[in-house]
Amino acid sequence: MAKYNGHKNWNHWNVSLWVNNDEGLYRMARENVCTHRRAAAAENFLESLRSMGITHTPDGAPYSKTTIRAAMVGI
């Protein structure tokens with residue numbers, strides 16, 4: 001049941017906001033979705049972020065496979 005602006009919680013909403021509105025993140029997400037199934041795409045995306053030292057959105061929401069997979073719906 002969606003509880004925060006149509007999302008499960010604030011973390012899911014905030015990660016989705018960044019992934020879907022930041023051009024670089026969106027392109028990286030789209031590239032992963034086009035080459036992998038969603039679960040693998042989310043895991044690959046997360047590994048890419050971590051390799052760059054990125055673990056949270058600029059607002060402080062942690063990137064996780066679950067939040068990234070939810071953000072990739074519709075990409």
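**Figure 1. Contacts across the chain.** Let's start with who touches whom: of the contacts between residues at least 6 apart in sequence, 57% join residues at least 24 apart. Keep in mind that this is a predicted model. Buried residues account for 29% of the 75 residues in the protein chain.

**Figure 2. The whole fold, end to end.** A compact globule of 75 residues would have a radius of gyration near 11 Å, and the protein chain agrees, with 11 Å.

Figure 3. The structure holds two salt bridges, and here is one of them: Glu23 with Arg27, where the closest N and O atoms are 2.6 Å apart. Both residues belong to helix α2 (residues 23-35), four residues apart, or about one turn of the helix. Glu23 and Arg27 are both exposed.

**Figure 4. A salt bridge between two helices.** Here the side chains of Glu43 and Lys65 meet, at 3.9 Å from N to O. Glu43 is in helix α3 (residues 38-51) and Lys65 in helix α4 (residues 65-71), so this pair ties together parts 22 residues apart in sequence. Glu43 is partly exposed, with a relative accessible area of 35%; Lys65 is partly exposed too, at 38%.

Notes. Residues are numbered from 1 along each chain as its sequence is written. This is a predicted model: local features need pLDDT of at least 70, side-chain atom pairs count only at pLDDT 80 or more; totals for chains, interfaces and linings use all residues. Side-chain values use heavy atoms; hydrogens and water are left out. The radius of gyration is taken over C-alpha atoms; the globule rule is 2.2 Å times the number of residues to the power 0.38. Buried means under 20% relative accessible area, exposed over 50%, partly exposed in between (1.4 Å probe, protein chains only). Contact means heavy atoms within 4.5 Å. A salt bridge is a side-chain nitrogen of Lys or Arg within 4 Å of a carboxyl oxygen of Asp or Glu.
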